[in-house]
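Good morning, and thank you for coming.

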Amino acid sequence: MNRKYLKAFLLAVTVIAAFVVMHYGCQESKNLTAGDEAGRVYVAPGTYDEFYLFTSGGFSGHIGVYGLPSGRMFKVIPVFSQDPEKAWGYSEESKPMFMTSHGFIPWDDAHHPKLSQTDGIADGRWIFINGNNTPRIARVDLTTFKTAEIIEIPNSGGNHGSPFLTENTEYVIASTRFSIPIPNKDVAIDSYKENFKGTISFVKVANDGEMDVAFQILVPGFNYDLAHGGKGPSHGWAFFTSYNTEQANTLLEVNASQNDKDFIAAVNWKKAEEYVAQGKFKTFNTSYFRNYFDEKKHMGFSEEKKTVKVLIPEECPGLIYYLPTPKSPHGVDVDPTGEYIAAGGKLASVIVVHSFSKMLKAIENKEFETTIDGIPVLKYESVIGGEVTNPGLGPLHTEFDGNGYGYTSSFISSEIVKWKIGTWEVVDRIPAYYSIGHLCVPGGDTKKPWGKYVIALNKITKDRYLPTGPELTQSAQLIDISGDKMKLLLDFPTIGEPHYAQAIPSEILMKNSKKIYPIEENEHPYGIKAEKDARVVREGNVVHVYMSTIRTHFAPDNIEGIKVGDVVYFHVTNLEQDWDIPHGFAVKGMQNSELLIMPGATETIVWTPLKEGIYPFYCTDFCSALHQEMSGYIRVSPKGSNVAITYGIGK
Ligand code: RUQ
Ligand code: CUA
């Protein structure tokens, strides 16, 4: 080969290499606009300035939606709690969403919002949240910001350790806060040790979001607290903290704080899938409900399920291991690389960080301390990756910034502590006002955190805000983490008690936000497509009012022939096809909430008039200059009167 050819050859090699690198590089940084068939959006890690923040409402049962960095509230999404503003839990269509095996339950305690993920990165399709009290998981659609599905978790005494996710939203996971007899039965409470058990549940999420309890694992009767799915190398595993390994059933504050170490349960869910496929499960009879909202029919549906697959650890070797963890651990958080599992300890003075690779080695070498109900307990020294030794008092939860640092909330000393992964040294700390519970870094529990901020979610705000009677607001604090030193930027109050929160760049959600429901796609059985179809139909003592709204009138707006004791269904269709033009509907003396009907939707509310007379009704949402004119009258006649049904508008 002469010189000239050699040169040309080398040039060609370089060009090909550059092309390969570029191509590979592109594959690596899938950007915002790319999506797969399931509609998942990939988001390049990078810098974003604006975020949506979703906070749990705790005992309010809602999700709060805020903007970051402004801290301004945009919306309250009713999930487990009735909301008369949106008729959530009052309208006929939404009532099925509250069905459980205990009947209609219009409230729950919502703790942990969790954004759906693809490749371990939040993808903006849905946000899940747990109902802690009557065990449930909800899925909220992030195109409509509306609760789309609620599934009850069977064989559970309370759903706190939930709804954490596996890397591609294969499963939402859940663990029992309280152990109970499984199946539940009437036993003496002090037979706890003999009769009470816990469960860990894996709820399958289909491509369209539909949830289904795939299997459960029966575990010893401890209290299971929080959870996280593995990622990267630990994808395929999920981690659950437990406390009360003493199995106390009274005065837990003393009796459940005896053991020096409790456990993190490490579950190999890929192995669980194999066991299920091999038929190694027991079928338990039970009852639980799945409720979902059909966006075309504009209606919720409820179905009861009667069996669930349960795996027993003793019969499934390799399914689950216990990692000893000091003093009633609370949060369990996996770092972006998937190697480190950080445990909060409500009563601990160190943050214990387990190493996933050491755990695998310890399992391989059978470095077990003992076995509990078929679950090997690994040796503490064999799994420990490091200890952060001065994290303040009562470390609870950790999030990560993607630059090699962890941020831990310490409840008792009321601060956020920043520490370095690997050296475990504390590099910065900032006080929280006061009593911080969870904290949130945008993407801080994913493979590629967006960083920039940490949000402190505080329980107590005494002397921070104007007094509001015996109860003061809870609050969030926005802290800049872009430099070496954390900097407090802003305080803002939150609705309910924020436990956890999740944030996602606004760009991802904004463009998917739904503006209207196309009226031609409205399949509500009592919906109408045009004002001319508005009518009133009597069927015995049931009256159906097919009503329409458009700026600025109802059709019909005069209705006669209703009688005391009738059951009147108002099916109100909003014919508007413009963004942000809902109409409201309220009747004087109706023992119910208003309706707030979105453009193109139909909603139904029931009224049983108790007294004869004239009843005004009106639109509650200031929709145009003639909003005050948007009203009508219903005439109610005595029972047995012969006033015929008549209705109309403009006559
Ligand atoms: S829990 S802090 Cu559900 Cu930590 Cu509230
Ligand atoms: Cu419609 Cu006000």
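Leu-393, Phe-411 and Ile-412 make a nonpolar surface patch of about 270 Å². Such a patch takes residues with over 30% relative accessible area and no salt bridge, joining like charges within 9 Å and nonpolar side chains (Val, Leu, Ile, Met, Phe, Trp, Tyr) within 5 Å. Areas come from the Shrake-Rupley method with a 1.4 Å probe, and for residues only the protein chains shown count as cover. Leu-393 sits in the loop between strand 26 (384–388) and strand 27 (395–400); helices (H or I, at least four residues) and strands (E, at least two) are DSSP runs numbered from the N terminus. With a relative accessible area of 46%, Leu-393 is partly exposed, where buried means under 20%, exposed over 50%, and partly exposed in between.

A word on conventions. This is a predicted model, in which local features need pLDDT of at least 70 and side-chain atom pairs count only at pLDDT 80 or more, while totals for chains, interfaces and linings use all residues. Residues are numbered from 1 along each chain as its sequence is written, and side-chain values use heavy atoms, with hydrogens and water left out.

I turn to the aromatic residues. The structure holds 37 aromatic pairs, meaning rings of Phe, Tyr and Trp (its six-membered ring) with centres within 6.5 Å, called stacked if the planes are under 30 degrees apart, edge-to-face if over 60, and tilted for the rest. Phe-51 and Tyr-453 form an edge-to-face pair, because their centres are 6.1 Å apart and their planes stand at 80°. This pair links distant parts of the chain, 402 residues apart: Phe-51 is in strand 1 and Tyr-453 in strand 32. Both of these residues are buried. Tyr-526 and Tyr-546, by contrast, are a tilted pair, with centres 5.8 Å apart and planes at 40°. Tyr-526 is partly exposed, at 27% relative accessible area, whereas Tyr-546 is buried at 9%. Arg-535 also lies over the face of Tyr-546, at 3.8 Å from the ring centre; the criterion is NZ of Lys or CZ of Arg within 6 Å of the ring centre and within 35 degrees of the ring normal.

How many of the residues of strand 11 are buried? Five of the five are, so strand 11 is largely enclosed by the rest of the structure. Tyr-171, Ile-173 and Ser-175 point one way, and Val-172 and Ala-174 the other. Strand 11 runs antiparallel to strand 10, joined by two bridges, and antiparallel to strand 13, joined by five; pairing requires that DSSP find at least two bridges.

Arg-538 meets Asp-566, with the closest N and O atoms 2.7 Å apart. Arg-538 lies in strand 36 and Asp-566 in the loop between strand 39 and strand 40, so the pair ties together parts 28 residues apart in sequence. Asp-566 is buried at 4%, while Arg-538 is partly exposed at 29%. Arg-635 and Glu-560 meet at 2.9 Å, N to O.

Key. Chains lettered and ligands numbered in written order. Salt bridge = Lys/Arg side-chain N within 4 Å of Asp/Glu carboxyl O. Buried < 20%, exposed > 50% of the residue type's maximum accessible area, 1.4 Å probe, protein only.
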